[in-house]
Amino acid sequence: MRLGDLVAELGGELLGSPDQTIRQIASLDAADSGCISFLANPKYKAQLQTTRAACVIVAPAVKDEAAARGAAIVTPDPYLYFARLTQWWARRVRPAATAVVHPGAVVDASAVLGAGVSVGPLAVIEAGAVVGEGAVIGPHCVVGRNARIGAGTRLSARVTIGFDCVLGARCIVHSGAVIGADGFGFAPHQGRWEKIEQLGAVHIGDDVEIGANTCIDRGALSDTVIEQGVKLDNLIQIAHNVRIGEHSAMAANVGVAGSTVIGKHCTVGGAANIIGHLELADRVHISVATTVTRSLNQAGHYTGVFPLDTHADWEKNAATVKNLAKLRERLRALEKACNKNE
Amino acid sequence: MRLGDLVAELGGELLGSPDQTIRQIASLDAADSGCISFLANPKYKAQLQTTRAACVIVAPAVKDEAAARGAAIVTPDPYLYFARLTQWWARRVRPAATAVVHPGAVVDASAVLGAGVSVGPLAVIEAGAVVGEGAVIGPHCVVGRNARIGAGTRLSARVTIGFDCVLGARCIVHSGAVIGADGFGFAPHQGRWEKIEQLGAVHIGDDVEIGANTCIDRGALSDTVIEQGVKLDNLIQIAHNVRIGEHSAMAANVGVAGSTVIGKHCTVGGAANIIGHLELADRVHISVATTVTRSLNQAGHYTGVFPLDTHADWEKNAATVKNLAKLRERLRALEKACNKNE
Amino acid sequence: MRLGDLVAELGGELLGSPDQTIRQIASLDAADSGCISFLANPKYKAQLQTTRAACVIVAPAVKDEAAARGAAIVTPDPYLYFARLTQWWARRVRPAATAVVHPGAVVDASAVLGAGVSVGPLAVIEAGAVVGEGAVIGPHCVVGRNARIGAGTRLSARVTIGFDCVLGARCIVHSGAVIGADGFGFAPHQGRWEKIEQLGAVHIGDDVEIGANTCIDRGALSDTVIEQGVKLDNLIQIAHNVRIGEHSAMAANVGVAGSTVIGKHCTVGGAANIIGHLELADRVHISVATTVTRSLNQAGHYTGVFPLDTHADWEKNAATVKNLAKLRERLRALEKACNKNE
């Protein structure tokens, strides 16, 4: 692809020939002379001297260094530019979904499909479901009774959308995701568990992305809510009646227990867990593998992870952890004794 | 729905008019004048004064307060009553599965379907499988060779039941669950892993509920066993030859490693992990995100979680954790020195 | 099955009659007189005296004890022998997949199926996909556009292989696994997340096994790579551009974040997490539920887990953990004061 076409589409100041062609996007260290690359993090600036990339996307601050070595595109935010470049690239190299309903799909007569909808082979769309204009329903998806899928939303192969659940526009849902399974609710009774039927649904806003095999349970009485712009990675568990605020993002394997409310613009590291009935303020950031056991009313960065060590050293320290309260008592006693002595 | 009908079905003492109608179940704080609500936890008693619910389900102890504000249903266990109300509600508002085999399902000629079985579109039922009376097999389910599904059991869309596996009666299995994949067993040999074929199956009792994308592996030689009444949330891993005792319950993301035996009436918090070859007594309760590394022979509540803190404070404390054994030595030395001084 | 046939196939020295028949493989303690069992771990040697097994697979060191009690097969590595026995057994008791394409499968005309390929009911094989000789594609699998499946590879029911992804020969992939969903990549922009299209794929070597509901994401620019002989258990998350070295193995619920490179012959315990952009040397072993937050350049065994305790004791110790840095300061002050006194 020509650099000239790229800049015509995505903007930026091109230093070098618009006729130069590139055939791949690559990182600075992996790039060869057919590649375009980018410098987003100033700490990799030295790689500008060593990369073989034909063209590098850079910030104005390194414009001169970049120009000295070859073609460059100068833009205020190279990482954002790179993101848009990947989108442009994907549109060019990937075939668009054909706007047809595969004859092997099972679409109920009462389902309503908008203009330009694509339904893959062996997908099932149940009674009363509504699929918005231009949406793509992958092979083997199940869109439950009365569910609604927003315009331009794409379900990869094998996604389950439960009955009555609602997805906004331009969402992306990856394979194996389950939206709208029952929340986990039981009343204990004489040593058994009496099921609490989950009468709510799941409501997902616009521009939400949901990873492979992630589960978002339906609410017990009211809905589980994922606000617009939220990004969830793979294998995440969102329990009933959770609410996740706009533009928050969670890495893989996270668990959020029932009725917890998470603010806007939060991030949650992989495998972190947030117990139920908490509130997290906007712009709270949780580290990987951390367990959140209380509400967090202030923006900030929170962590709780046992530090890694060699197994032998861990064994010694972990044994002491189990006696920590006693250790503190001993220290206190010693402080007292010493003070008396003085 | 009429309060009179509700009490006729579910019991309890109705204070107020049987002709009052309700159109929704809601929590005390979310209820409006068309709602029925419940007070299960005495600590929310103050909400009785502020709720707009048309009717409140209460325990005898608060009968007078409840009656003073409007209609009420008095019952010894309001939470249990609420659970049964949700069940009654779901039966009324949700269409029952039609007892037909969808023409798009692939049912082997040698499979045996009981009376009133419903098989959804594109489900696959393999040779020799037996499906009990009134069971519901959702769209896209796969019931493997010689598997047996008990009467009244419901598989949501896209459940996999492996060959030879057995499910009891009245089970509920949610989308994406995989029952009977191979257990993870290999013999190391010259730096490679030699597969141990998993020759057992999975045996699940009556009234078990299994969450979305949860995996229960088949046993290596004998079966993996889930006893009756067990409730498993989403994204749980149950390894080969585990046994989970009656009426135990596990929250999402839990992992139980191979051959571990868990007692009856246990609860395991979300994302907790239990290593292999352990035994947990009846009525053991494990906290969220805790790692169980030894057998627990006594009922009780067990925990092991690094406490949450701001990242800055965590960093300081975590650094000290890594020197804890040395810290203890220093304290011991100081104690010795001080004792000598005295 | 006759012991003589078994030894003819798998080798080893048979002590006892080749005509003795067995009908099951069982552990020493579960075996009855129709069973064959094995003694791999010397610590269970006492069970040789009590087992009712008809035949026991043993190492030369216990040949005499074994012979004294009945039939035995003597072999240098009984556990390896047991593994191969399970394979032999499975081949005999499980029907081989029939090399046919089920008429209910949807196979694109441009897909290429090798000789002896089996495609289950309702599987979808998209345009340009290539399936190697003797491969088994289970019911409800989706093999994406231009994906390649190696010879002899077996996909269980309901596996998703994304477009352009490559699997080697003799792989086994269990139900619900998702190979080639998008990696989790976004550029922050004005409080929103701009998607970075994932332009790489997934490349999996020969003899890899992938557990149920495990996810391996496609790379951002280059491929995510799983080298030959790797074994992954269920519900594992492998993020974009991870590389896992030959013959490494990971237990269930593990998460590996983006661009991390793991060496050969490593093992990772269940629910462990490895953050992104790290390097782990060959033969690194990570304990269950440990979080790896730095590169590990030396082979060895690493751990970081909060030790389990009763909840009451944990509460006391955890409170002290949160004041550990201060505790250290107090100790230091006391040491100073005491030294001065002396």
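Begin by selecting chain C and chain B together: the area buried between them is about 5900 Å², with carbon and sulfur atoms giving 63%. Buried area here is the accessible area (1.4 Å probe) that two parts lose on being put together, summed over both. The model is predicted, so local features need pLDDT of at least 70 and side-chain atom pairs count only at pLDDT 80 or more, while totals for chains, interfaces and linings use all residues. Residues are numbered from 1 along each chain as its sequence is written, chains are lettered from A in the order in which they are written, and side-chain values use heavy atoms, without hydrogens and water.

Now display the residues in contact (heavy atoms within 4.5 Å): chain C contributes 70 residues and chain B 73 residues.

Turn to the polar features. The interface holds 28 residue pairs in polar contact, both at pLDDT 80 or more. Such a contact is a pair of N or O atoms within 3.5 Å; within protein, one must be able to donate a hydrogen and the other to accept it, and residues adjacent in sequence count only if both atoms are side-chain atoms. On the side of chain C that touches chain B, H4(C) supplies the largest share, nine residues; helices (H or I, at least four residues) and strands (E, at least two) are DSSP runs, numbered from the N terminus.

Finally, select strand S36 (residues 300-303) of chain B with S37(C): the two pair in the antiparallel sense over two bridges, pairing requiring at least two bridges found by DSSP. There, B:Tyr302 stands opposite C:Thr310.
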